[in-house]
Amino acid sequence: LWRAPDNLSETPEPPTVRLQIPRASIDPYNNAGSALAVSPDGRFLAHYVNGASGRATLAVQTLATGERREVPGSAVQSPIAPFWSPDSRRIVYVTLQAASVFDLVTGTTRDLCTCRFRGGSWNTEGVILLGSAPAQRQPIRRVTLDEPTPVSVTTPDASSADTWPGFLPDRQRVLLT
């Protein structure tokens, strides 16, 4: 009869990872310093680097190895914080014209919607919420990979914008600023 080891229920201490991220110097608005995101599974870091195009470019770095690769077509004038799908497979970022999704497994990029955003969150049911830039004074908008037309889900007052939405642990309720 096979018997499980006594320490099977113990969770091993995760390794400490230390790294330095060079700040994208091609960033006139100094957004690149805060425009980073760790994947939900803790394996990847998305951040902006000085791209070959002369603009800040999104890169995905494997934390265990330090390997970094640039996301094709992700060059932007002003980096905005990207965000991950709950399965850590995809990352949403903003381009000059649209919100785009990069798939780490296939290495492909697709437009999510023709919209700009400030902050976002993706739940396990596939709902993606996009915040508004403060100057835009727009509501939080909802899209999915299959329904790219943004639908308003909040009504901000005339003097503000709803921005930086984040699904709470139940992945249904949302916190926003």
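## Arginine 171

Arginine 171 is partly exposed, with a relative accessibility of 22% (buried is under 20% relative accessible area, exposed over 50%, partly exposed in between, with a 1.4 Å probe and protein chains only). This residue sits in the loop between β13 (166-167) and β14 (174-175). Its phi is positive, at about 60°, although arginine 171 is not a glycine.

## Basis of the model

The model is predicted: local features need pLDDT of at least 70, side-chain atom pairs count only at pLDDT 80 or more, and totals for chains, interfaces and linings use all residues. Residues are numbered from 1 along each chain as its sequence is written, and side-chain values use heavy atoms, with hydrogens and water left out.

## Overall content

The protein has 14 strands and zero helices (DSSP runs numbered from the N terminus: strands are E, at least two residues; helices are H or I, at least four). Along the sequence the pattern reads β-β-β-β-β-β-β-β-β-β-β-β-β-β.

Of the 177 residues in the protein, 42% count as buried. Among contacts with a separation of 6 or more, 38% are between residues 24 or more positions apart (contact means heavy atoms within 4.5 Å).

## The sheet β5-β6-β7-β8

An open sheet is formed by four strands in the order β5-β6-β7-β8, with antiparallel pairing (two strands pair if DSSP finds at least two bridges between them). β5 (83-84) and β8 (108-113) are at the edges with a single partner strand each, so one side of each has no neighbour in the sheet. Strands of a sheet pair through backbone hydrogen bonds, either parallel or antiparallel.

Two bridges link β5 and β6 in the antiparallel sense; phenylalanine 83 has valine 92 in β6 as its bridge partner. β6 and β7 run antiparallel and are joined by five bridges, and valine 94 stands opposite alanine 99 of β7. A hairpin of four residues connects β6 to β7. Strand β7 (residues 99-103) is in turn joined to β8 by five bridges, again antiparallel, with phenylalanine 102 partnered by threonine 109 in β8. As for cover, four of the five residues of β6 are buried, and the strand is mostly covered.

## Serine 88 in the β5-β6 turn

β5 and β6 form a hairpin with five residues between them, and serine 88 lies in the turn. Its phi is near 65°, a positive value in a residue other than glycine. Serine 88 has a relative accessible area of 5% and is therefore buried.

Which residues does serine 88 touch, not counting those up to four places away in sequence? They are Ser39, Pro40, Asp41, Phe44 and Leu104. A polar atom of the serine 88 side chain lies 2.9 Å from the backbone nitrogen of aspartate 41 (a polar contact is a pair of N or O atoms within 3.5 Å; within protein, one must be able to donate a hydrogen and the other to accept it, and residues adjacent in sequence count only if both atoms are side-chain atoms).

## Threonine 144

Threonine 144 is located in the loop between β11 (141-143) and β12 (151-152). Its relative accessibility is 18%, so threonine 144 counts as buried. The side chain of threonine 144 reaches the backbone nitrogen of glutamate 147 at 2.8 Å.

Beyond its neighbours within four places in sequence, threonine 144 is in contact with Leu112, Gly126 and Val127. Leucine 112 is 32 residues from threonine 144 in sequence, and the C-alpha to C-alpha distance is 7.8 Å.

## Nonpolar surface patch

Val17, Leu19, Ile21 and Leu36 make a nonpolar surface patch of about 280 Å². Patch residues have over 30% relative accessible area and no salt bridge; like charges are joined within 9 Å, nonpolar side chains (Val, Leu, Ile, Met, Phe, Trp, Tyr) within 5 Å. A salt bridge is a side-chain nitrogen of Lys or Arg within 4 Å of a carboxyl oxygen of Asp or Glu. Leucine 19 is in the segment before β1 (37-38). With 34% relative accessibility, leucine 19 counts as partly exposed.

How values were computed. Accessible areas come from the Shrake-Rupley method with a 1.4 Å probe; for residues, only the protein chains shown count as cover.
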